[in-house]
Amino acid sequence: MLVGEQEQFLSYNGEVLIFHLSKTKHVEGAADKTTNLCVRRMAFDRDTKLFVQKSSGAFEMCASHLKMEIICCSCTTDSRTGIILPCILMKKKKRNNVVKYFLLLLHSSNQFEQSFHFKLDYELKEDIRLFTGPSVLWRHANKLFYISSDTRTVLSVPVQLSSVVWTGEIEEEGTVVLGVRTAYLPESEDEDEFSTSDRAIWGSEFFGYATETQKMLTGMSFMPHAYSRVVSSVCVCKSEILKKHLRISLVAITHKNQLIWFQDGLPKGVCELPYEKPCSVKTAVTSSNELLFVVCFASGNICVVQRRDNLQVASKWQKVKCVLVDDFIGSGSEQLLLLFKDDCNTNVLSTFKITDLGAVDYASGINYKHDVPAAEGLQENGLLTVQALETRLQAGCTSVRELQQHLGLKKRVILESCRALIDLVEERTHILPTAKEVKCIREYRSLLNSAEPFEGLVSLWDDVENPPHSLSKETSLASKVPKHFTEKLWQRIVGDSLVVGVKLTESFCLSLSDISLSLVMNQDFSPISPIIECRNKIIKLNKAFSALSVSSCQIEPPQKKMKLDLHSKNDLKKDFPKRCSKVQLDGAKTVIAVTSLSPLLAFHRVCCIVLLHAKKQKRRNDSLQESKRITVLCGKISLSLEDTSNGKYSVKMLRDNSYCTGSMEDILGVLAVSVRFSFQIVSSDCTLTPVNSWLLGEMECTPFKECHDNVFCHKAGNVYGTVFNWTLKNPFEGILTLFCRNQTVLFQCLHSLTRVLPPSCDVKLLRSGSKGVLTEQLALALEKEMLTSRSSFFSKESEAEDSLLWRNEPSKKISDAPVASLLDSEEGVQQFRKKLQNERQESVLSMNQTMNGALYREIALKIAEAQLSSDMIVWRLS
């Protein structure tokens, strides 16, 4: 390189571009009037850990080498294509103090393109910036000028200014110039009081100017005007439009050797810089997603500031020729490239350092290939592994935050729904907050800097005075329920469980299916959900109390869980009332809800609303019609810690003349919290009389006064409270049913029973019900399944036949003469061919019949219900 040659460094897509001017070699004695602008593309080789040249290019200019000069270079967006390209601003001195400037674009093929040129009678020296267009902006004589490839004319901003601190892109505003000017104090009182006082005290203010829209922006969105006297350079990190307000995050360096972090116009942190006269600041995002601020000083020194809990200097270097920010090693994140001054070595990129203040650290002068071969491979693999783990960790944290926000929103929706349900059953109109109220609450919480985002719940019918139609429909539906549908509402405490029962009238329960209870706390314990989690049981009792049916808590076969969730659809006693006379129950139906007691006692005193949910069905000609979902208010129950301590609702099972004196509610409470197990006991050698003796003797059981077939165990220990039912079909076969708290009690009872049974006895666990009853139910279920399939497809087949007959009525005109007679003449052959084509068309139409989607869903639902019933009974028999 010749003395006086210039060099400019620029990073572009991970490469280092080196621009310099050189003279063209001519014959000796010839005039030197041609100069080349040369460029070399240098890339970092991860194998040799050195920069190597990938390609080069040159642009020939007709001028003396001493008259050409590179002003600056930058990467800007070409407005024609939207592609970011390297851009170089050149200066050419002419006579009569005329200076010509021209802007060049460098393409990927190393071809230069002249974008535009302009002439001035002075030289550019202050605040020269290149930005989108490409465009050139500069300051001269306290005025701002700019020119772009679109206008190709020098334009001026109608404002006096003392400096330009930043130029860049802002959402919805385009290219914006942030500068400092003499304070302009308005006469009106509309301006912010603090902003006006700052400008009056300091005599200067920030201002923004959008070059595309040619409008002024308020400088308070960037920084308070009090900083206008000390800030020398700014780097905007993030800008966005939120709720029609400009939100900006930036850092600024000052003449006081400070770096200050601003958020939405307010200072959030400050850091003392290690050197004097800071010139510029730029940002870098490392592999750990950490934001670094790179500050350059007039003395050639560099420092890096990290932003964690606060701003602090992380590292610093001296005698730096240039610092570039890009992804030089191809890791997907940015690194710093430091080019150091080296008087001994004139080779370009001879002394450098690549670092991200973390895992990446490459420096010139180290022979990685020969000195540390094994460690380098391990370092590179470790770097990639750490980067992958950090990425997964960040993605996991983001997912957790999104899940927490989603769960919080679901919780608020459930709470609002519960309040709406309480208002519905108590015949009050529920009013959701309007959009205006939610907005006010959100703004209030934002002023308090609440960390938790507020999600408002507004009605889908916002600003509608009348209540939604669905609520009025539910209220009208609930009002049609007869007033005296319940005989009794009761509650019992059994162990750590609260049992709430509703006894339904016989006439009312015959028209219901899918019955369940809900307990809703009447008090507002926000943010706790008022819906109490509970499990439901439906118990049917005949007059002798010998038949027990618990419909909602039966365990379904695993293979049926993915089919259809049709609760109580397998109740064959409703579908076949005449054929099932042997198992028809003639007693009342009691719906029971069981929930945990201890969480309720934590509130000391709780009042709960008892709601009954069911499907109400109508019958027409012994067939069930479409059911409607209803919600009925059964009443309220209260529970307090004082009543529980006094045993007000405890179950009382006492002996009185060899009988158990428990009431019907006490018996149902014990059965509700118990698990039912049925065993078939068969003895081929001797009778089963020891079973009854075992119950009354060793187990200390006493029969209930209400029903003698069921006995209550009074034996001390875990088996206390177990209910037994022993039914003899004949002297050698019987069914033993146990209602016990858990399987541990079951095993203890069976262990005691096996010691009194003869060795030849066979004990078999029954799924549900006796074998004879289940066999009869299976036959009826299979019959119903067959009738459902036949009736469904028969109706569709009849519809298809009627359609074919209607379409092919003209075909009846064709004579049905014998085939042989038709083939005797040409007219007969044509008639036979036509008849054959009609028959073929009828065959195709019969095979390509389509079915309406609603009809198909109806048929599939009926068949699935029938199959579910039969499959359930088969599983019980297995």
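This is a short tour of the structure, stop by stop, with something to select at each one.

**Before you start**

You are looking at a predicted model, where local features need pLDDT of at least 70 and side-chain atom pairs count only at pLDDT 80 or more, while totals for chains, interfaces and linings use all residues. Residues are numbered from 1 along each chain as its sequence is written, and side-chain values use heavy atoms, with hydrogens and water left out.

**Stop 1: the whole chain**

The protein chain has 16 helices and 45 strands; helices (H or I, at least four residues) and strands (E, at least two) are DSSP runs, numbered from the N terminus. Of its 878 residues, 41% count as buried. Here buried means under 20% relative accessible area, exposed means over 50%, and partly exposed lies in between, using a 1.4 Å probe and protein chains only.

A contact means heavy atoms within 4.5 Å. Among contacts in the chain with a separation of 6 or more, 54% are between residues 24 or more positions apart.

**Stop 2**

Select Gly133 and Pro134. A cis peptide bond joins Gly133 and Pro134, with omega about 0°. Look for Pro134 in the loop between β9 (126-131) and β10 (135-140).

**Stop 3: two positive phi angles**

Go on to Ala141, in the loop between β10 and β11 (143-148). Its phi is near 55°, a positive value in a residue other than glycine. Ala141 is exposed, with a relative accessible area of 54%.

Then select Lys277, in the loop between β20 (266-272) and β21 (278-285). The phi of Lys277 is also positive, near 55°, and at 60% relative accessibility Lys277 counts as exposed.

**Stop 4: cysteines without partners**

How many disulfides are there? The count comes to zero, where a disulfide is a pair of cysteine sulfur atoms within 2.5 Å. Cys237 is partly exposed at 29% relative accessibility, whereas Cys296 is buried at 13%.

**Stop 5: the largest nonpolar core**

Select Leu498, Leu504, Ile515, Val610, Leu612 and Leu639. These have the most contacts inside the largest nonpolar core, a set of 29 residues. A nonpolar core is a set of buried Ala, Val, Leu, Ile, Met, Phe, Trp, Tyr and Cys residues joined through side-chain atoms within 4.5 Å. The elements that each supply at least two residues of this core include β30 (497-504), β31 (512-521), β36 (605-616) and β39 (628-640). In soluble globular proteins, nonpolar side chains tend to be buried together.

Zoom in on Val610. Leaving out residues up to four places away in sequence, Val610 touches several others, among them Leu489, Val500, Leu517, Val632 and Ile637. Apart from this core lies another, of 24 residues, including Ile681, Phe724, Leu736 and Leu738.

**Stop 6**

Start with α10 (residues 664-673). This helix is mostly covered, with nine of its ten residues buried. Among the buried residues are Glu665 and Asp666.

Next, select α11 (residues 689-696). Which of its residues are buried? They are Val691, Trp694 and Leu695. These cover an arc of only 95° around the axis, so they sit on the same side of α11; the arc is that of the directions from the helix axis to the C-beta atoms. On the face turned away from that side are the exposed residues Thr689 and Ser693. The buried residues of α11 pack against β41 (701-703), β43 (723-730) and α12 (743-754).

Finish at α12. Its buried residues are Val745, Leu746, Cys749, Leu750, Ser752 and Leu753. The face turned away from the buried side of α12 carries the exposed Phe747 and His751. Packing partners of the buried residues of α12 are β40 (675-682), α11, β43 and β44 (733-740).
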